[in-house]
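Work through the exercises below with the coordinates open. Each task is followed by a solution in steps.

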Amino acid sequence: MTSFQLLLDGFAAALTPVNLLYALVGVTLGTLVGVLPGIGPAMTVALLLPITFTVPPTSAFIMFAGIYYGGMYGGSTTSILINTPGESSSMITALEGNQMARRGRAAQALATAAIGSFVAGTIATALLVVAAPAVVSFAIAFGPEDYFALAILAFTAVSSVLSRSIVRGLASLGLGLVIGLIGIDQQTGQARLTLGIPQLLDGIDVVIVAVGLFALGESLYVASRLRHAPPEVVPVGRAWMGRSDWRRSWKPWLRGTALGFPFGALPGGGAEIPTFLSYAAEKRLAKGVAKEEFGKGAIEGVAGPEAANNASAAGTLVPLLTLGLPTSATAAIMLAAFQQYGLQPGPQLFDHNPALVWGMIASLFLGNTMLLVLNLPLAPVWARMLRIPRPYLYAGIVLFAALGVYALNGTVVDLFVLYVLGLLGYAMRRFGLPVAPAVIGMILGPMAEVQLRRALAIGAGDVTVLVRSPVAVVLLTLSLLALLSPLIRRWYARRAARTAEPAGS
C-alpha cells in the first residue's frame, strides 16, 4: 500500500468518535500546560503515562501527540502576554511578541502565532508522511552494530546540544545509564544495583523515572522560586490580523517551516536552534517598517520562530517512529509510553501496527485544526489561566504524580523511589544538569547494551565488528563531531578574540 492509502486508513481510525475525543482532550491539555509557565508537554505526558494501562494504544498516542502539539501552541501565549516562555523553544517569541503586546497589539501577535503554528504544523505533518516511509525502508537493513552506533549518536548529540557544557550533559547521561542498569541482567541473571531490595529486581519502571525527574523535579524547582506577587498579564481581545499583518507574516511562516522540520528530525536538533535561526533570518531580511520595528515589536519576529517551533515538533516524530530515536524530552517520554505497551518504534512498528502509526499521524492534521479553532477565539480564556495561584497548581501536580505512580504496583517502594528521583531532578536543575539526557540514557541504555552484546557475539568478541558497517562508521563519526563541535567553536572564538586584541590596541 502507498503512503497515501495508509494515511487514509489512518484518518479512518482517527475520525472515530472516541479517538476524536482523545484528540480534543490532548490538544486542550497541551494548550493549557503550554500556557502555564513551568509546565511543559514532557511533564504532562509523563503524568499521564499511567493511563497506558487502561487506554488502547491508538487512542493514547493520539492524545499524547495532541498534548505535544498543543504545548507548542500554548507556549507562545505566556511569551507574548507576560514575557515568560512556557517552553524553552518559545524564548525567541517573547522578544518581539511581548513588545507587540505592550504596544497594544497582543491580539495580532497571538493570531500570527496561532495561524503560523497551524500552517507550519500542517506542512510539516505532510512532510512527515513522505519522509517516514523512506527512513523506514533505509532502517530495515540496520544490524546490531548500526543500532548501537545510532544509540551512541543519540547520547552524544543530546548531551552536547541540550546542555550548557558537554561535561554537564554527559554527567546527566551517566545518571540515566546507571538508572537503566538497575535490575537483573538478562544474560547472566545477576542482580545489578538493587541494594538488596526485591522490588528493584525488575528494574525501575520508566513511568516512575519520567514522572520523578520531569514532573516532580520541575515542580520542586519552580516552587522553590515562586514569586508571591501575581504576574502582570497584558489584556487581550479577540485574536485577529489585518491585511498588512497577513502580508508580513506568510513568508516568515514558510521560512520558519523550512528551518524547523529538518532540525526537529536531527538527533539533538530540538526546537531552540531553528527558532533562533528563524529570528535571525527575519531580522536580516527585514526592510522598511519591519526593519525599524525589530526590537520594538515586529510581527515577523513572532511569525517565523513560532512556525519553526511547531514544524520541529513534526520533525521530531520522524526519528522517533522510524528508528526509535527520541530527539527531545517529550519524544523520550513518548518512547517510554511505547515501551509500556510492549512496542518498539522502528520499521517493525510500521509493518505490525500500521493503524497505530498512521492513525497518530492523521490525528496531527485534525489536532492542528482543533488547535486553530481553540486558540483564536479562546485567547482571552487562556490568558485568565495565568492567574491560577502557583502553590495550588504545583501541589496538585505532586499529588497526581504520587497517585499515578502508586497505582502502578501499589507498593510504597515505588513512592519512595519517586521522591528520591524527584529530589534528584530538583538537584539536576539546581546545578544546571539537563534532564533530557538522563531520561534518554535510561530508556535507550538497555537497548544499546543488548545491541552491543549481539554485535560482539556475532563478531566472536572482535571489537572491530562495530566499525565494519558503513552506516555504523558514519553514525560514530557524527557522534564524534557532536562531541567535538562545541570545543571547536570555543577554540575558534578564543582565536578570533586573540586576533582582535592586537588590532584594537
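A residue is called buried under 20% relative accessible area, exposed over 50% and partly exposed in between (1.4 Å probe, protein chains only). The model is predicted: local features need pLDDT of at least 70, side-chain atom pairs count only at pLDDT 80 or more, and totals for chains, interfaces and linings use all residues. Residues are numbered from 1 along each chain as its sequence is written, and side-chain values use heavy atoms, with hydrogens and water left out.

**Exercise 1.** Describe helix H10 by its span, its kink and its buried residues.

Step 1. Helices (H or I, at least four residues) and strands (E, at least two) are DSSP runs, numbered from the N terminus. The protein has 21 helices and 2 strands.

Step 2. H10 covers residues 243-265, 23 residues in total. The expected span is 1.5 Å times one less than the number of residues.

Step 3. In H10 a kink of about 30° lies at Ser 249, shortly before the proline Pro 252.

Step 4. Both Ser 249 and Pro 252 are on the list of buried residues of H10, which also includes Asp 245, Arg 248 and Trp 253. Of the 505 residues of the protein, 55% count as buried.

**Exercise 2.** Classify the pair of Phe 61 and Tyr 341, and locate both residues.

Step 1. Rings of Phe, Tyr and Trp (its six-membered ring) pair if their centres lie within 6.5 Å; planes under 30 degrees apart count as stacked, over 60 as edge-to-face and the rest as tilted. This rule gives 7 aromatic pairs.

Step 2. For Phe 61 and Tyr 341 the centres are 5.9 Å apart and the planes at 50°, a tilted pair.

Step 3. Phe 61 is in helix H4 (residues 57-82) and Tyr 341 in the loop between H14 (329-340) and H15 (347-352), so the pair ties together parts 280 residues apart in sequence.

Step 4. Phe 61 is buried, at 0% relative accessibility. Phe 61 and Tyr 341 form one aromatic cluster with Phe 64 and Phe 338.

**Exercise 3.** Are Tyr 221 and Tyr 426 buried or partly exposed?

Step 1. Tyr 221 has a relative accessible area of 23% and is partly exposed.

Step 2. Tyr 426, at 26%, is partly exposed.

How values were computed:
Bend = angle between axes of the 7 residues up to and from the residue.
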